[in-house]
Amino acid sequence: MEPAIAAENLTKKFGTFVAVDHLSFEIPRGVVFGILGPNGAGKTTFLRMLSTVLRPTEGTARVLGYDVIREPIRVRERIGVLPEDTGLYDRLTPAETLMFYGRLHGIETAKLLARSDSLLSLLGLEEKRDVKVGTLSKGMKQKVALMRAIMHEPEALFLDEPTSGLDVMSAREIRGLIIDLAKRGGTVLLSTHNLWEAQQLCNLVAIMNKGGIISIGTVEELGSMTHEKTLEDVFVHLVRGEVER
Amino acid sequence: MKRPRSFAIWTSLPKSQLADIVWREFLDALRDRRTMAATILLPIVLVPLSLNIPMFLMSPSRNPPTLGLLQLDSAAGDFTAMLREINEIQVTGISAGQNITELVAKNVFDLVLVIPANFSQLIHSGGKGSLIVIYDSTNTRSTTGVSIVEFVRSRYADMIVEERLKDLNVNPSIIEPVDLKVTSVREVTSTQAFAGMMVPYFIGIVSVLAGASFATDTTAGEKERRTLEAFLTMPVTRVRIVFGKFLGVLALSIISVFFDLLGVAIGVSFYSSLFAEMTMTPGTAQLSITPSNLIVIAVFALIVSMTGDAILMAVCIFAKSFKEAQQYSSLLTTAFTMPMIAIMFLPPSILGNLIAVPIYGPIIVMRDAIFNVTAPDRLIFCLATSLAYLAILLFFAIRLFSSERILFRV
């Protein structure tokens, strides 16, 4: 089976600054793949290239079998993206938000309404369905953004800091949704600073620094490689080693 | 489940990403109270007021100048009677001994007219009588009052001359040996002349100004609010996004222009007599435009909006931030609207040379249509060049929107 994501020499430069430096790797389908790294490691740029928002400077990547440069629309039809900022329109309601993005994905109206109602109910936002997004709390906005990302039942989900700044209950609900999606065979790419969360959710993790991947594997594999017990210790070990080198 | 009306409209839209983008832009603008106040409320309140207040103030029949009359010659009744017949000036007699300069300076009267004691005697003895007017050159009503007094003086002088010539048994035509007959090659009412001068430029200025705020919001505003990234992950081409946003801005600009014109219509209908007075032809405030020329005006007004919006969209896409976009758009709107005021006064021979200039060409065609003198070759040339400019501008906007260096520059 073709991997969910296959990158080959994937590179992004902004002028002379190399944000992502010749990444080559594969992510199998049906896993939760964590991308960890300090600020400025290139995680967000990497996700933006895979979601076809940014065009690679060199190399390419295939997402669910489609080339991010040559077939961006095919890629976008199959992925769901939760960017670092929720990117919601403040003057639309949650129901309208789902209607807008659902229609852009070409979902039939009847199915869209049913799906929208079930998601709003699942995430406890039925009462806020017709309230403007701008008036919602940060956690509620994050839930709406997540609903937007999964509205069209994508095969792969790219999440950039999905629980950042959320209260315990909201973060827990969102983690529950990620687990659910993975159980149903979806692939999740999760960029996070929350190492505990990554340890709980991810089947595979990649640790990025200065635009490159310094290590990739399961949490256990990385632990035995670095002789560290927790992912946080593994992370510190690897990033510090990279800095010292 | 009961769903809001806006939601019901959405579900009834045709299945088209373009329609969805336009409706989203529309909803966003409709729900912004400040935008709606500026687009709907201000034009229908402010435009009639701004149109009528100056006209009201300038109209001597609505707001007559006050004249203090110091009549030192009791025999000058024929002149004062003529003056008092004029409704456009309010005459009040004043007594001698008052400081007449101070009366004007302190705005007790707009002007003071002094009829000297020997005025009638000089006239009736075949000499020349003098009238003295004290006025304030910084006061519009005062200068209007002077014009009215001058009008009455002229009529009175004509009457005296006629009497003197009659006494001498001389034909009055001896003092006016040459007559002037004026014929225009085009018959337009004075209202039409006024509308031809004002309406196309008004549409041009309003179209460009209205589009500016919407174009800024949908491009730089979307960048700044960070809603663009999520939008770009949708299966929509950049071409379609730019077209959708352009159509949204255009629809909102058209609404804005509509309300501005409605404001003008309300303003004119409210005080149509004032309007007629201002155009110097009381009772002829009529505008007769043929249906085909009305269509020409509508089509070219749309073209002006489209071109203005496309220019603004391209510039605002280029801007790094909302503030930068606002600066660019205010610079552009000033650059476009200032020459519009200047070309209102250009002769037709020069206007003909501007027909290929974007925005100005369609304005000139609209002017022709209001005068019912539309020339088909000029119209077709203007339409072709305008559509070509529009295509180039939209292509340019799409190129800018497709450049991540421009889209993500901060």
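Guide: The account begins at the surface of chain B, where Leu41(B), Val45(B), Leu49(B), Ile53(B), Phe56(B) and Leu57(B) make a nonpolar patch of about 540 Å². A patch gathers residues with over 30% relative accessible area and no salt bridge, joining like charges within 9 Å and nonpolar side chains (Val, Leu, Ile, Met, Phe, Trp, Tyr) within 5 Å. Accessible areas come from the Shrake-Rupley method with a 1.4 Å probe, and for residues only the protein chains shown count as cover. The model is predicted: local features need pLDDT of at least 70 and side-chain atom pairs count only at pLDDT 80 or more, while totals for chains, interfaces and linings use all residues. Residues are numbered from 1 along each chain as its sequence is written, chains are lettered from A and ligands numbered from 1 in the order in which they are written, and side-chain values use heavy atoms, leaving out hydrogens and water.

Helices (H or I, at least four residues) and strands (E, at least two) are DSSP runs, numbered from the N terminus. Leu49(B) is partly exposed, with a relative accessible area of 42%; buried means under 20%, exposed over 50%, and partly exposed in between, with a 1.4 Å probe and protein chains only.

Now to the salt bridges. Side chains of opposite charge can pair when their charged atoms come close. A salt bridge is counted when a side-chain nitrogen of Lys or Arg lies within 4 Å of a carboxyl oxygen of Asp or Glu, and the count over all chains is 31.

One of these pairs is Asp28(B) with Arg91(A), whose closest N and O atoms are 3.4 Å apart. Because Asp28(B) lies in helix 2 (residues 17–30) of chain B and Arg91(A) in the loop between strand 6 and helix 3 (94–104) of chain A, this pair joins two chains. Asp28(B) is buried, at 7% relative accessibility.

Another pair, Lys15(B) and Glu108(A), has its closest N and O atoms 3.1 Å apart. This pair also crosses between chains: Lys15(B) is in the loop between helix 1 (5–12) and helix 2 of chain B, and Glu108(A) is in the loop between helix 3 and helix 4 (109–122) of chain A. Lys15(B) is exposed, with a relative accessible area of 59%.

A further pair is formed by Glu222(B) and Lys245(B), with the closest N and O atoms 2.4 Å apart. These two residues link distant parts of the chain, 23 residues apart, from helix 8 (residues 190–224) to helix 10 (residues 238–270) of chain B. Glu222(B) is buried at a relative accessible area of 1%, and Lys245(B) is buried at 1% as well.

Finally, the interior. Asp67(A), in strand 5 (residues 66–67) of chain A, is buried at 4% relative accessibility. The C-alpha atoms of Asp67(A) and Leu190(A) are separated by 21 Å, and the two residues are 123 apart along the chain.
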